[in-house]
Amino acid sequence: MAIRLPAGLTTQRVKRAMQSPKAAPLRVGYRGLTAANVAVVQTVDRARAPKRTAADRAEVAERVTVAVKTFERPAMIRRFVRSVRRVFDGRIVVADDSRLPWTSRDRRVDVIALPFNSGVTVGRNTALASVETDYVFISDDDIVFTALTDLAVLMDYLDHNPEVDLVGVTLVDLPVRKLVDRASSPLLPGSGAPRIPLGTVIDDQVVVGKVAQVYLARTERLRLVGWDENLRMVDHRDFFSRASGVLVSVQHDGVVAYHAQTPF
């Protein structure tokens, strides 16, 4: 159900109000609540997840690159990389078009500094162009990985199902702990007919037209679509609309990540 703002109250006015000095206690409280939820899910998921061997982690690190776009959110990208490192030992590519690009001491993290405010589509294309592995994990910077963000499961799924190009994770909003639903929202008019009918079950997972911006994909297949650099908004919907008929996407219900955004 859509949330309607009261008459005269726009999203921009809400944002300005939340960024004002008077809203400081609310900002502190929200961040504290989110941090507490992140700590809880990481602890709980660690107990629930299967234990991965060093060999498992080494294979994933060799065959997967994590690619993320960030802009003016150093605390967010720090948290992202820290959470990814709990489950992934390979290369992370960060496309950053901030005024002062983020830096990392992790030698396995490559930060690509872009001209200020180049845009998310330019950043994603730049990051993708630098990927040399068979698979790439695309993510936003406000995502938190836990032990249940099992990239080995996603990689194994694509290995055994060559007709599938892209597999999305189950995404949960924090701190409300609500499932994020991207599959049911419509694509743009004129999208191509799916290569495999939506709703088809492949190896226990369902073919969908769209997943959240948190997924593992075949690198070369993803390059067939890319992101339209003329767009600065609706890039997610546009990508999957153009991918329809080109890529086959599924939603994996056994791999979980968390969306811990800030409204500030």
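Lys-51 sits in the loop between α2 (24–48) and α3. In this predicted model, Lys-51 is exposed, with a relative accessible area of 67%. Lys-51 belongs to a positive surface patch.

Asp-156 has its place in helix α6 (residues 151–160). At 40% relative accessibility, Asp-156 counts as partly exposed.

Asp-203 comes from a loop, the one between β8 and β9 (205–208). Asp-203 is partly exposed too, with a relative accessible area of 44%. The backbone of Asp-203 deserves a look. Its phi is positive, about 55 degrees, although Asp-203 is not a glycine.

## Salt bridges

Side chains of opposite charge can pair when their charged atoms come close. How many salt bridges does a search of the whole structure find? The search finds 17. A few of them follow.

Glu-59 forms a salt bridge with Arg-63, and the closest N and O atoms are 3.5 Å apart. Both residues lie in helix α3 (residues 54–63). They are 4 residues apart, about one turn of the helix. An α-helix has 3.6 residues a turn, so residues three or four places apart point the same way. Glu-59 is partly exposed, at a relative accessible area of 38%.

There is also a network. Salt bridges link Arg-52, Asp-56 and Asp-150.

## Bridges across the chain

Lys-69 forms a salt bridge with Asp-97. Their closest N and O atoms are 2.6 Å apart. Lys-69 lies in strand β1 (residues 64–70), while Asp-97 lies in the loop between β2 (92–96) and β3 (109–113), so the pair ties together parts that are 28 residues apart in sequence. Are these two residues buried or exposed? Lys-69 is buried, and so is Asp-97.

Asp-165 forms a salt bridge with Arg-195. Here the closest N and O atoms are 3.0 Å apart. This pair links distant parts of the chain, 30 residues apart. Asp-165 is in the loop between α6 and β6, and Arg-195 is in the loop between β7 (178–179) and β8 (201–202). Asp-165 is buried, with a relative accessible area of 4%. Arg-195 is partly exposed, with a relative accessible area of 42%.

## The enclosed helix α8

Helix α8 covers residues 235–243. Why does it count as largely enclosed by the rest of the structure? It does because 7 of its 9 residues are buried. Buried here means under 20% relative accessible area. The buried residues are Asp-235, His-236, Asp-238, Phe-239, Phe-240, Ser-241 and Ala-243.

What do they pack against? Two helices are among the partners, α5 (120–129) and α7 (219–223). The strands β6 (166–173), β10 (215–218) and β11 (249–259) also pack against them. Just after α8 comes Gly-245, which takes a positive phi of about 90 degrees.

## Thr-219 in helix α7

Helix α7 holds Thr-219. This residue is buried, with a relative accessible area of 2%. Which residues does Thr-219 touch, not counting those up to four places away in sequence? It touches Leu-128, Val-131, Thr-133, Asp-134, Tyr-135 and Val-136.

## The loop between β6 and β7

This loop has several features to find. A cis peptide bond joins Leu-174 and Pro-175, with omega about 5 degrees. Pro-175 is in the loop between β6 and β7.

Val-176 lies in that loop as well. Val-176 is exposed, with a relative accessible area of 61%. The C-alpha atoms of Val-176 and Thr-65 are separated by 30 Å. Along the chain, these two residues are 111 residues apart.

Arg-177 is also in the loop between β6 and β7. Its phi is near 55 degrees, a positive value in a residue other than glycine. At 46% relative accessibility, Arg-177 counts as partly exposed.

Note on methods
Residues numbered from 1 in each chain as written. Predicted model: local features only at pLDDT ≥ 70, side-chain atom pairs only at ≥ 80, totals over all residues. Heavy atoms only, no water. Buried < 20%, exposed > 50% of the residue type's maximum accessible area, 1.4 Å probe, protein only. Contact = heavy atoms within 4.5 Å. Salt bridge = Lys/Arg side-chain N within 4 Å of Asp/Glu carboxyl O. Patch = residues over 30% accessible without salt bridge, like charges linked within 9 Å, V, L, I, M, F, W, Y side chains within 5 Å. Areas by Shrake-Rupley, 256 points an atom, 1.4 Å probe, with all protein chains shown as cover. Lys, Arg positive; Asp, Glu negative; His and termini not counted. Charge placed at Lys NZ, Arg CZ, Asp CG, Glu CD.
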